[in-house]
Structure formats: C-alpha cells, structure tokens
Amino acid sequence: QVQLVESGGGLVQAGGSLSLSCAASGIIFSPNTMGWYRQAPGKQRELVAGITSSDSTNYAHSVKGRFTISRDNAKNTVYLQMNNLKPEDTAVYYCYIGGRSIYWGQGTQVTVSS
C-alpha cells in the first residue's frame, strides 16, 4: 500500500506563485512516474505534469513555461512550482505515483483570483 500526503496550495492573486509538494510512503517500486493532475468544477481531471524516476518530464500545454515539476527520489517526493498563475488554474490538484499500480493523494485546493 502507498500513501501520498500533499501540502501547499491555497489562495493567490493572478500572476502570483504557489508551490505544491507530495510525499509518498509505503512500498514503492521503481521505476515509477510521479506527478499532478487537476480537476476544476464541472470539468474532467486533466494531467498537469509528470516526471519519471530518471527525471524525464511532460507538461500540459496550458502550463508549459509557467509550472516546473521536480522530484527527490531519496525522499519519494514530487514538487510543483507554479508561477504566473491564472484564474483558469483554479482547481483541486491531485498528486499521483504510478508504476505497477497508481495511487492518488487526497487533493489540495488551488484558487487564483483575478
């Protein structure tokens, strides 16, 4: 079993920055991919960014150049630095770890006011 604990998030004005982190614990197999999805009210959950054990990254087109994903393999932790936030970034952000199975965090709210 794997547990994911997220931290960060909150309320920020447009143009501001926020950082998210997510620590995984339990039986974690490598290689794996960690990352973030988000879900806005009335919309489907969408991939924001992912990063593999070898630090290969991918981003949603809408966040490229504004968000940066990174990870610390020794701590089984993934980070998301979000800059130049826009109101359309408002959503619940869920971290995940995927390998043999996929596990999800509980979600953290990010609200960007205009």
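A residue is called buried here when its relative accessible area is under 20%, exposed when over 50%, and partly exposed in between, with a 1.4 Å probe and protein chains only. With that in hand, Thr 90 comes out as partly exposed, because its relative accessibility is 22%. The model is a predicted one, so local features need a pLDDT of at least 70 and side-chain atom pairs count only at pLDDT 80 or more, while totals for chains, interfaces and linings use all residues. Numbering starts from 1 along each chain as its sequence is written, and side-chain values use heavy atoms, with hydrogens and water left out.

On to the overall fold. Strands and helices are DSSP runs numbered from the N terminus, with helices being H or I over at least four residues and strands being E over at least two. The C-alpha trace spans about 40 × 25 × 20 Å along its principal axes.

Of the 114 residues, 39% are buried. Contacts are counted when heavy atoms lie within 4.5 Å. Among contacts in the chain with a separation of 6 or more, 53% are between residues 24 or more positions apart. As for charges, Lys and Arg count as positive, Asp and Glu as negative, and His and the chain ends are skipped. Each charge is placed at NZ of Lys, CZ of Arg, CG of Asp or CD of Glu. The 9 positive and 6 negative charges have mean positions 3 Å apart.

Next, the cysteines. A disulfide is a covalent bond between the sulfur atoms of two cysteines, and the criterion applied is a pair of cysteine sulfur atoms within 2.5 Å. The count is 1 disulfide, and this one joins Cys 22 to Cys 95 with an S to S distance of 1.9 Å. The pair ties together distant parts of the chain, with Cys 22 in strand 3 (residues 18–26) and Cys 95 in strand 9 (residues 91–98), 73 residues apart. Cys 22 and Cys 95 are both buried.

Then there is the backbone. Most residues other than glycine have a negative phi, and most peptide bonds are trans. Ser 30 and Pro 31 are joined by a cis peptide bond, with omega about 0°, and Pro 31 sits in the loop between strand 3 and strand 4 (33–39). Asp 55, not a glycine, has a positive phi of about 70°; Asp 55 is found in the loop between strand 5 (46–52) and strand 6 (57–59) and, at 47% relative accessibility, is partly exposed. Asn 76 also has a positive phi, near 50°. Its loop runs between strand 7 (67–72) and strand 8, and Asn 76 is partly exposed at 23% relative accessibility.

Thr 90 lies in the loop between strand 8 (77–82) and strand 9. Beyond residues up to four places away in sequence, Thr 90 touches Ala 40, Gln 109, Val 110, Thr 111 and Val 112. Tyr 59, in strand 6, is partly exposed at 21% relative accessibility. Setting aside neighbours within four places in sequence, Tyr 59 contacts Val 48, Ala 49, Lys 64, Phe 67, Thr 68 and Ile 69. Gln 39 belongs to strand 4 and is partly exposed at 28% relative accessibility. Not counting residues up to four places away, Gln 39 touches Gln 44, Arg 45, Ala 91, Val 92 and Tyr 94. Arg 100, in the loop between strand 9 and strand 10 (102–104), is exposed, with a relative accessible area of 69%. The C-alpha atoms of Arg 100 and Ser 30 are separated by 9.0 Å, though the two residues are 70 residues apart along the chain.
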